[in-house]
Amino acid sequence: MASNSALADAKRAAPRIVYLYLTVVVLSWAANWPLMKLALADTPPLDFVSFRLLGTLALLVPAMLAGRAPLLPVRGERAGLFWVGQLQVAGFLIAGIIGLSIVPPGRAIVLAYSMPLWAIPIGRWLWPESMSRGQLLGAALGFAGLILFMNPGLVDWASPRVLAGNAMLLLAAICWALGSCLYRCQAWHTPFWTQTFWQLAVSTVVVLAVAGPAAVGRPVHWTPALVAILAYNWIVTTALGYFLWNKILSVLSAAVAGQVMALTPIGGFLLSAAIFGGAVTLDVVASLVLIVAGIALSLRA
């Protein structure tokens, strides 16, 4: 009886732990977008992603070997985790950093964290089922806010470069949503740290292949600020962040987890406005309210 009681207690405690994980991820990832924008003054975008992933792996490998954690996923799961990593790590980081190099960080984080809106139709496509009225209304509100956020008063539609930057950030959100939904398609037996390492490792190969030709002739200015931002990314936002994200997805669906993550762009937007300035206009506020309200309504439904 004692063991059954302990198991029941553990099951009840799990959701509370997951929301603690979400809190850590929300706060750390919200602060990172303004920091990454500052780092881009000293390094090309794809170089920054390369340094971020290589530094994280350099910390993870000895730690995992010391803890006798396997570096390879169990057989039968390597290909699945490979594609999840390509989408929610390589795809998200490459598209996101290119967009961030063009778009102000406040706007960048809102577009990149529209992930839960894309997770709803992707999830329904992967697992066909009818949507409730609340889910449909929530999705409609969220996408209406996204459309408002892209109105000509806020985005220079005459500039191909600006449009490309916004498009890359939306692509980053779609990659993240698809990767997260694919992760939820399977019950994984690989330990979480091994999952995290494998996704980062296979993504690093792709990032280096893309970053190499683009970095020719573009110097990196090594400053204390750049090193500090990279260290924050190595330890907090990448190693710990993706580890916690995998733990979260093992309990919550991508759409539900992403809905809680909607708090991230609000914090990141406000922090970016405080650091970099910029007017917080009525249409910006209205679009943020619609996006968050749509996500909240979908979660409630």
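In which helix is Gln195 found? Select Gln195 and you land in helix H8, residues 192–214. Helices here are DSSP runs of H or I with at least four residues, numbered from the N terminus. Before we go on, some ground rules: this is a predicted model, where local features need pLDDT of at least 70 and side-chain atom pairs count only at pLDDT 80 or more, while totals for chains, interfaces and linings use all residues. Residues are numbered from 1 along each chain as its sequence is written, and side-chain values use heavy atoms, with hydrogens and water left out.

Is Gln195 buried or exposed? It is buried, at a relative accessible area of 1%. (Buried means under 20% relative accessible area, exposed means over 50%, and partly exposed is in between, using a 1.4 Å probe and protein chains only.) Now show its contacts, meaning heavy atoms within 4.5 Å. Leaving out residues up to four places away in sequence, Gln195 touches Leu81, Tyr183, Trp188, Thr190 and Asn246.

**Next stop: the core**

Select Trp33, Phe48, Trp245 and Met261. These have the most contacts inside the largest nonpolar core, which has 76 residues. Such a core is a set of buried Ala, Val, Leu, Ile, Met, Phe, Trp, Tyr and Cys residues joined through side-chain atoms within 4.5 Å. Stay on Phe48 for a moment: not counting residues up to four places away in sequence, its contacts include Met36, Ile97, Leu226 and Asn233.

**An enclosed helix**

Now pick helix H4, residues 105–112. Why is H4 largely enclosed by the rest of the structure? Because 8 of its 8 residues are buried. Among them are Pro105, Arg107 and Leu111.

**Looking for holes**

How many cavities of 30 Å³ or more are there? The count is 2. On a 1 Å grid over the protein atoms alone, a cavity is a set of points where a 1.4 Å probe fits but cannot get out, and lining residues have an atom within 4 Å of a point. Grid points are joined across faces, edges and corners, and a volume is the space filled by probe spheres set on the points.

The largest cavity has a volume of about 150 Å³. Select Trp33, Arg52, Phe92, Leu93 and Tyr113 to find it: of the 14 lining residues, these lie nearest its centre. Helix H3 gives the largest share of that lining, 5 residues. By class, the lining has 10 nonpolar, 3 polar and 1 charged residues. (Ala, Val, Leu, Ile, Met, Phe, Trp, Tyr, Cys and Pro count as nonpolar, Asp, Glu, Lys and Arg as charged, and the others, Gly among them, as polar.)

The second largest cavity holds about 40 Å³ of space. Its lining includes Val110, Tyr113, Pro265 and Leu288, and helix H12, residues 282–300, supplies the largest share, 4 residues. That lining is 8 nonpolar residues, with no polar and no charged ones.

**Cysteines**

Jump to Cys185, which is partly exposed at 41%. Its sulfur is 7.4 Å from the closest cysteine sulfur, in Cys181, so the two are too far apart for a bond. A disulfide is a pair of cysteine sulfur atoms within 2.5 Å, and the count for this model is 0.

**Last stop: Ile98**

Select Ile98 in helix H3. It counts as partly exposed, at 27% relative accessibility.

Note on methods: Helices (H or I, at least four residues) and strands (E, at least two) are DSSP runs, numbered from the N terminus. On a 1 Å grid over the protein atoms alone, a cavity is a set of points where a 1.4 Å probe fits but cannot get out, and a pocket is an open set with protein on both sides within 12 Å along at least five of seven lines; lining residues have an atom within 4 Å of a point.
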